[in-house]
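Me: I would like to learn how to read the features of a model like this one, going from the whole chain down to single residues. Could you take me through it step by step?

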Amino acid sequence: MQQVDLTQTLEELEGECWDEPNFASSLVIQVHQLRKKPLCEWNNEDLRILIGQQMNLDWLLPLALERLIQNPFTSGDLYIGDLFCSVLQIDQAYWEEHKELKNDLDEVIRTYEDVRKTLEKQISTYRSDL
């Protein structure tokens, strides 16, 4: 996998600057703004938005997966786990072509499953003690 200079923007990485948006939806405007923001300044919500649109996955997924490996519940602004859900909704064909990233996703899934089992056990113990 190629190393990405996180101080660059998507426009710089692509070598392509988009014209001003010609459609005034908040999503379109936000996507245009994010393309001008250095990747090192992106938060979870920024990643969730573009990954949810399945845009620039080769650059954004490694960032998201790195965060999700640390904490599968890492979230944007919608709900707990929304970044993870956006990643899980990526087309299967992408994962088939990007085995290394699929391995990272599988690690996130294993981490989530381990946490879920631990929590379920603790919740069950808590409830049985009531």
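Predicted model: local features only at pLDDT ≥ 70, side-chain atom pairs only at ≥ 80, totals over all residues.

Me: Which secondary structure elements does the chain hold?

Reply: Elements are DSSP runs numbered from the N terminus, a helix being H or I with at least four residues and a strand being E with at least two. The protein chain comes to seven helices and zero strands, and its C-alpha atoms fill a box of roughly 60 × 30 × 25 Å along the principal axes. Contact means heavy atoms within 4.5 Å, and among the contacts with a separation of 6 or more, 57% join residues 24 or more positions apart.

Me: How many residues of helix H3 are buried, and what covers them?

Reply: A residue is buried under 20% relative accessible area, exposed over 50%, and partly exposed in between, with a 1.4 Å probe and protein chains only. Of the 130 residues of the chain, 34% count as buried, whereas in H3 eight of the nine residues are buried, so this helix is largely enclosed by the rest of the structure. Its buried residues include Asn44, Glu45, Asp46 and Arg48 as well as Leu50 and Ile51, and their cover includes helix H1 (10–14), H2, H4 and H5.

Me: Where do the buried residues of H2 lie around its axis?

Reply: An α-helix has 3.6 residues a turn, so residues three or four places apart point the same way. In helix H2 (residues 26–34) the buried residues are Val31, His32 and Leu34. Seen down the axis, they fall within an arc of 165° (taken from the directions from the helix axis to the C-beta atoms), so they line one face of the helix. These buried residues pack against H3, and the face turned away from them carries the exposed residues Ser26 and Gln33.

Me: Which residues touch the most other members of the largest nonpolar core?

Reply: In soluble globular proteins, nonpolar side chains tend to be buried together. A nonpolar core is a set of buried Ala, Val, Leu, Ile, Met, Phe, Trp, Tyr and Cys residues joined through side-chain atoms within 4.5 Å. The largest one here has 27 residues, with Leu50, Ile51, Leu60, Leu61 and Val87 touching the most other members, and its largest share, eight residues, comes from H4. Leaving aside residues up to four places away in sequence, Ile51 touches Leu57, Leu60, Leu61, Ala64, Leu83, Ser86, Val87 and Ile90.

Me: What about the loop between H3 and H4, where asparagine 56 lies: is this residue buried or exposed?

Reply: Asparagine 56 is buried, with a relative accessible area of 13%, and it has a positive phi of about 50° although it is not a glycine. Glutamine 54, in this loop too, has a positive phi of about 55°, but glutamine 54 is partly exposed, at 30%.

Technical notes. Residues numbered from 1 in each chain as written. Heavy atoms only, no water.
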